[in-house]
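Here are my notes for a first look at this model. Have the structure open while you go through the points.

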Amino acid sequence: MVKLKAGSKGLVRLFYLDEHRSCIRWKPSRKSEKAKITIDSLYKVTEGSQSDVFHRHGDSSFDPACCFTVYHGNHMESLDLVASNAEEARTWVTGLRYLMAGISDEDSLAKRQRTHDQYPLTPAAESTLFLNVRCGTWLKQTFEEADKNGDGFLNIEEIYQLLHKLNVNLPRRKVKQMFQEADTDDQQGTLTYEEFSVFYKMMSLRRDLFLLMMAYSDRKDHLTVEELANFLRNEQKMTNVTPEYVTEIIQKFEVADENKQKGVMGIEGFTNFMRSPACDIFNPLHNEVNQDMEQPLCSYFIASSHNTYLTGDQLLSHSKTDMYAWVLQSGCRCVEVDCWDGPDGEPMVQHGYTLTSKIPFKFVIETINKYAFVNNQYPVILSIENHCTIQQQKKIAQYLREIFGDKLDVGDVLNGDSKTLPSPNSLKGKILIKGKRLPAYLSADAEEGEVSDDDSADEIEDDFKLKSSNGNGHHQVESHIRNKLDSLLKESRIGDKEDTDSFSIRALLRATHQGLQKNLRQSSKGVLKKSQSRSFITTLKEKRHSKSRLTCQNVEKEDDAQERSGREAGGQFNRGGRKRKTMKLSRDLSNLVVFTNSVASQECLNEGSPADVLSFSETRAQSLVNHRAEQFLAFNQRQLSRIYPSAYRIDSSNFNPQFYWNVGCQLVALNYQTEGRMMQLNRAKFMVNGGIGYVLKPPPMCKGSFNPFSDDPLPACPKKQLILKIISGQQLPKPPDSMLGDRGEIIDPFVEVEIIGLPVDCCKEQTRVVDDNGFNPVWEETAVLHPSHG
């Protein structure tokens, strides 16, 4: 097949699956054995020529029926392929999707096994696919990696090394005993793969589950239908447990055919069942929409993305339309599009004044139109950052109308109550354009007018913006990055309440300035080489722990002083003491903004139209939370607010969203491309209502007076406690940053349980440490947490 790459001609390569169907491989390749993509890293496989890379090869004559794209990795990397014929392409697409279904079956099972009476268990064949593909493939790979000499056998020394890698610290006498029990063929002293499978089952027997089964089976080695039903009622707290349902569980999870025929479940089947999503602690009802979706939009937290198009940092990374497909399908309902003038009258999407790549606006809108409602019908908010001339603004409006069509039509909803925002239910299948509107006093015949141009792009002073060069690109790139680093000192104003995700600007400056000139001098024509540009961001990420910050109070005083200075000098000034900027806005684009009118945040928290949306950088928003929390919360009961990361987070790090959720901010925009604690918190937030990107705010945040920072914010509500029993863990990995990787020391795990919410509710408990056991540690401890309110 032909492998396409951006900016180069296609490469003819032989693609194939390895013998265990666990990896896609190709040759020839300079990467040799590393030229592979594992099946469990695949995100999706799409047919046709839809990806960014295919768009860049738009003038090619590839038959779309022969084209397909494999998306993989944490940042949605794409493998773009052209097969020799349509049949070959269909075979690859179908085969890869089948293998992905086996690997991800655990996730899909979670969605189907909500409650047994509403969602019957799927056929046993599907369970077999999951068990065989996921567990069998991993076990085979593990065996081959441990077989150092490749002879197809494992001796006792290779077993010892493997156990260390797997975090197992068993006495050698015990290991040798299990080894001898599994070694049953004529070739004594080594294990075949089949014998190793037996050895692994003996080694991974979970003592806690075995004792649990013994307790309910009257000390037999299996559970009958009646005994399993008792377990489900008493331990799992399930209701309406019928014999038919229990029989389905046995047929689905039991491994031994003999046990299936007898209608009993052995320890392997019981272990499979207990490890499956059917026994997840997560409330199965929350896998579906379970909240009132008829309230005004301002009554919901809305999953929001910042600079959605970027795949990495804010200064040097690539822009891809694929990022919109990914975040929309993962539940995000507010995406950002930064629009700038492009060549040939075509607007482009990019992060302005930086070295990030550009993508055509039309491609972005086509992608959003295709993926906005694939698995989620609730409305999408398109946050437009408009930096275009009138001519290209008209082109933007034209594309929005032509591509989105009826998705922009909210005429029926407009007939409702104009004093409140519409509900998510009333806007199903609709796309709302968030942008600026022409002032009402302007004549209806005027095709354009002036509006405020104070937005997120202007958080950086003009001196620090990278502008087009006049033949001296190299010097200007160096000067730009040096100035931008100097401007990062202002980041010390940010107190994101998350020490683990903070970074020290002064330490960064010291470390980066030393190597900056060397790296930049090696680049040519104003373009940073990939390895050199990445070293700049890598250095930034390595220096992320900070102790030096200015207080928010100092920021507030400084800002107030600047505002007073501006007023005394006369004229209209923004918070930075500079004269407020304006821009020309096209009537065509203005008319598309209905319920989400972007208003400059300098106009602050005064009551306005319900359709007015205020946007704040995290710096300004934090100051408001710290000093005017109740007023901010009252504003969020009427209107929408959007919080976005500081422009000085050029490594695309994320702030703590909980800080802003506590005052009811709806659109708390995060860098979805940056995995970490903050994105984990964001995902957890939106899981509780079916993952649709809308979560109803607690009643006190929607109506009435409420101080989130009070010692007793809800005095009328009863106090609650959370009791969790932490039993055991299985096959815990070694830290990814372990100095010796898999060969490092066996870990000493513990479990930490934390409640994150209002300040008064935040609490944390930790279990004891289990020494030298990451394979099957047992704690058997109870954690009792005391949040003030449930």
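1. Start with Thr-367, which counts as buried because its relative accessibility is 10%; buried means under 20% relative accessible area, exposed over 50%, and partly exposed in between, with a 1.4 Å probe and protein chains only. You'll find Thr-367 in helix H14, residues 361-371. Helices (H or I, at least four residues) and strands (E, at least two) are DSSP runs, numbered from the N terminus. If you leave aside neighbours within four places in sequence, Thr-367 is in contact with Thr-321, Tyr-324 and Ala-325; contact means heavy atoms within 4.5 Å.

2. A word on what you're looking at: this is a predicted model, where local features need pLDDT of at least 70 and side-chain atom pairs count only at pLDDT 80 or more, while totals for chains, interfaces and linings use all residues. Residues are numbered from 1 along each chain as its sequence is written, and side-chain values use heavy atoms, with hydrogens and water left out.

3. Two packed helices are described by the angle between their axes and the distance between the axes. Helix H13 (residues 322-329) packs with H14 at an angle of about 25°, and their axes are 9 Å apart. Axes here are lines fitted to C-alpha atoms, for helices over the stretch in contact, and angles run from 0 to 180 degrees between N-to-C directions. H13 and H14 are therefore roughly parallel to each other; angles under 35 degrees count as roughly parallel, over 145 as roughly antiparallel, 65 to 115 as roughly perpendicular and the rest as oblique. From H13, the contact uses Tyr-324, Ala-325, Leu-328 and Gln-329, and from H14 it uses Val-364, Thr-367, Ile-368 and Tyr-371. An α-helix has 3.6 residues a turn, so residues three or four places apart point the same way.

4. Zooming out, the protein chain has 26 helices and 30 strands. Of its 790 residues, 50% count as buried. Take contacts between residues at least 6 apart in sequence: 68% of them join residues at least 24 apart.

5. Two strands pair if DSSP finds at least two bridges between them.

6. Arg-90 belongs to helix H2, residues 86-103. Is Arg-90 buried or partly exposed? Its relative accessible area is 42%, so Arg-90 is partly exposed.

7. There is another open sheet, of three strands, ordered S3-S4-S5 and paired antiparallel. Strand S3 (14-17) and strand S5 (36-38) are its edge strands, each pairing on one side only. Strand S4 (residues 23-27) is joined to S5 by three bridges, and the partner of Arg-25 in S5 is Lys-36.

8. Next, look at H8 and H9. Helix H9 (residues 225-234) has Glu-227, Leu-228, Ala-229, Phe-231 and Leu-232 buried, and these pack against helix H8 (207-216), strand S11 (222-223), helix H10 (243-253), strand S12 (265-266) and helix H12 (267-274). In H8, the buried residues are Asp-208, Leu-209, Met-213, Met-214 and Tyr-216. Their cover includes S11, H9, S12, H12 and strand S27 (722-728). After H8 comes Asp-218, with a positive phi near 55°.

9. Last stop: Asn-636 in helix H23, residues 629-638. Asn-636 counts as buried because its relative accessibility is 0%. Not counting residues up to four places away in sequence, Asn-636 touches Cys-298, Ser-641, Val-663, Gly-664, Cys-665, Gln-666 and Lys-697.
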